[in-house]
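Q: I have a model open and would like to go through it piece by piece. Can you take questions as they come?

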Amino acid sequence: MISFELGVEDLANTRFAISPLHEAALSLRVLREPGLYALHLPWRRAVLGRLAKPDVDLLISLVGPDRGIPDFLTPRPAEFAATFERELAVVRRTPADIVRRDLCAVYPRGRLPAVLRDATATDAATVLALRDTICDRLQYYWDVAIRPAWPQLRLVLEADMTYRARQLAVGGARLLFADMHPNLRWHDGVLHIDRMIGRHRVVAAGRGLLLVPSVFSHKPAPPVSPQEPPLLAYPCRGVATLWQAPPAADATVLTSLLGAPRARLLHLLAEPLPTVEIARRLAVTPSAVSQHLQVLHAAGLLSRARDGRHVLYRRSPLGDQLAGDGPDGGVCR
């Protein structure tokens with residue numbers, strides 16, 4: 001069990017942060033042990049198909065046999081929502097002795113895999129070269145596996161923080177931690193984290209507690225080292241539907257929302273067309289088409305560009321989503 005002893009000042013300094021680097025690091029557990037993370041299997045299958053085996057081997061090796069992750073890969077966020085690149089720059093400055101300490105800590109029996117053996121080298125240059133290789137692989141991994149889904153992930157993280165902030169405002173620390181995870185217990189100024197590999201007590205001593213919601217964490221994840229200040233990555237709410245495909249667009253609902261003429265117009269504009277051509281295809285006057293185009297453009301459903309004397313209209317990405325990429329007008333006639 002790991003415990004955080006929090007005084008009045010620490011509770012006053014309790015805050016939340018979104019960390020793309022934490023998410024990338026914690027997602028490596030999904031690659032290593034898919035059985036623990038059934039909700040993320042669709043994401044895992046897609047990601048493994050885009051990663052080369054040498055990259056996968058190194059990334060998976062960063063998760064220890066007890067699912068620990070080196071602390072230097074999850075530095076304490078200094079901002080509410082830093083970019084991945086800014087957080088990774090902190091990792092790239094990690095001294096050799098910390099890299100060595102943290103990698104050996106997640107392999108407590110000293111059996112580091114071959115791809116991490118350089119961590120035990122006595123000369124700092126070798127350890128730092130390994131650190132830089134890990135950072136390069138993490139950057140590549142972020143670009144391939146996490147960045148494409150980051151807007152979606154961030155919405156889930158922010159929704160969880162909104163809920164937790166309300167819990168804190170309504171019932172204080174006791175209610176904040178009450179439904180965060182069964183392994184968490186708040187008692188007499190101490191936050192207890194049960195079923196952990198480490199067994200130590202950290203006195204916050206005014207450093208506060210940093211809470212980092214995580215889509216890829218299946219249980220609370222504090223730092224491995226007792227020297228690190230109190231930080232807790234915890235499983236956030238709303239993960240169950242994260243990788244579900246969005247429902248197909250319903251033409252009937254779209255017609256009810258926009259009206260039949262505008263719904264038909266939106267489906268027609270899968271390709272760029274000028275007003276006169278749209279009017280010809282729909283057998284209406286250009287002035288009638290212009291009124292609908294102005295409304296759809298103002299709503300962000302159409303984009304437009306000038307081509308000589310003509311203005312071409314086409315569905316925007318938002319319009320594509322709303323239309324469901326249906327055939328030109330066919331489903332709304």
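This is a predicted model: local features need pLDDT of at least 70, side-chain atom pairs count only at pLDDT 80 or more; totals for chains, interfaces and linings use all residues.

Q: How do E1 and E5 run, and how many bridges join them?
A: They run parallel, and four bridges join them.

Q: What sheet are they in, and in which order do the strands come?
A: An open sheet of four strands, ordered E3-E4-E1-E5, with mixed pairing. Strand E3 (184–187) and strand E5 (200–203) are the edges; each has a single partner strand, so one side of each has no neighbour in the sheet. On average, neighbouring strands here are turned by 20° against each other, direction ignored.

Q: And how do E1 and E4 pair?
A: In the antiparallel sense: strand E1 (residues 2–5) and strand E4 (residues 190–193) share four bridges. In E4, Val190 is the residue opposite Glu5.

Q: Back to E5. Which residues are on its covered face?
A: His200 and Val202. Arg201 and Val203 are on the uncovered face. In a regular strand, side chains alternate between the two faces of the sheet.

Q: OK, other sheet. What is the strand order with E8 in it?
A: E8-E10-E9, three strands in an open sheet with antiparallel pairing. Strand E8 (273–274) and E9 are the edge strands, and each pairs on one side only. E8 and E10 are joined by two bridges and run antiparallel. Leu273 has Tyr313 in E10 as its bridge partner.

Q: Which helix packs on that sheet?
A: Helix H12 (residues 286–298), which touches E9 and E10. The direction of H12 makes about 120° with that of E9.

Q: How many bridges between E9 and E10?
A: Six, joining strand E9 (residues 302–307) to strand E10 (residues 310–315) in antiparallel fashion. Asp307 has His310 in E10 as its bridge partner.

Q: What about the turn, which residue has a positive phi there?
A: Gly308, with a phi near 65°. The hairpin of E9 and E10 has two residues between the strands.

Q: Switching to the helices. At what angle do H2 and H3 cross?
A: Roughly 90°, with the axes of helix H2 (residues 20–32) and helix H3 (residues 41–48) coming within 10 Å. Angles of 65 to 115 degrees count as roughly perpendicular, so H2 is roughly perpendicular to H3.

Q: Which residues make that contact?
A: Ser27, Val30 and Leu31 from H2, with Trp43, Arg44, Val47 and Leu48 from H3. By class, the residues of the H2 and H3 contact are five nonpolar, one polar and one charged.

Q: And H2 with H7, how do those cross?
A: At roughly 80°, with the axes coming within 11 Å. H2 and H7 are therefore roughly perpendicular to each other as well. H2 brings Pro20, Ala24, Ser27, Leu28 and Leu31 to the contact, and H7 brings Leu138, Tyr141, Trp142 and Ile146. The contact of H2 with H7 has eight nonpolar residues, one polar and no charged ones.

Q: Which residues of H4 are buried?
A: In helix H4 (residues 53–61), Asp55, Val56, Leu58, Leu59 and Ser61 are buried. The buried residues of H4 pack against H2, H3 and H7.

Q: Which members of the largest nonpolar core touch the most others?
A: Trp43, Tyr141 and Ile146, in a core of 79 residues. Helix H7 (residues 124–146) gives the most to this core, 10 residues. Apart from this core lies another of 18 residues, including Ala263, Leu269, Ile278 and Leu293.

Q: What does Tyr141 touch, leaving aside neighbours within four places in sequence?
A: Ala24, Ser27, Leu28, Leu31, Trp43, Val47, Leu51, Leu59 and Ile146.

Q: Last one, Leu231. Buried or exposed?
A: Buried: the relative accessibility of Leu231 is 6%, and the cut-off for buried is under 20%. Leu231 lies in strand E7 (residues 231–235). Leaving aside neighbours within four places in sequence, the contacts of Leu231 include Phe4, His22, Arg76, Pro77 and Leu209.

Conventions
Residues are numbered from 1 along each chain as its sequence is written. Side-chain values use heavy atoms; hydrogens and water are left out. A nonpolar core is a set of buried Ala, Val, Leu, Ile, Met, Phe, Trp, Tyr and Cys residues joined through side-chain atoms within 4.5 Å. Buried means under 20% relative accessible area, exposed over 50%, partly exposed in between (1.4 Å probe, protein chains only). Contact means heavy atoms within 4.5 Å. Axes are lines fitted to C-alpha atoms, for helices over the stretch in contact, and angles run from 0 to 180 degrees between N-to-C directions. Angles under 35 degrees count as roughly parallel, over 145 as roughly antiparallel, 65 to 115 as roughly perpendicular and the rest as oblique. Ala, Val, Leu, Ile, Met, Phe, Trp, Tyr, Cys and Pro count as nonpolar, Asp, Glu, Lys and Arg as charged, and the others, Gly among them, as polar. Two strands pair if DSSP finds at least two bridges between them.
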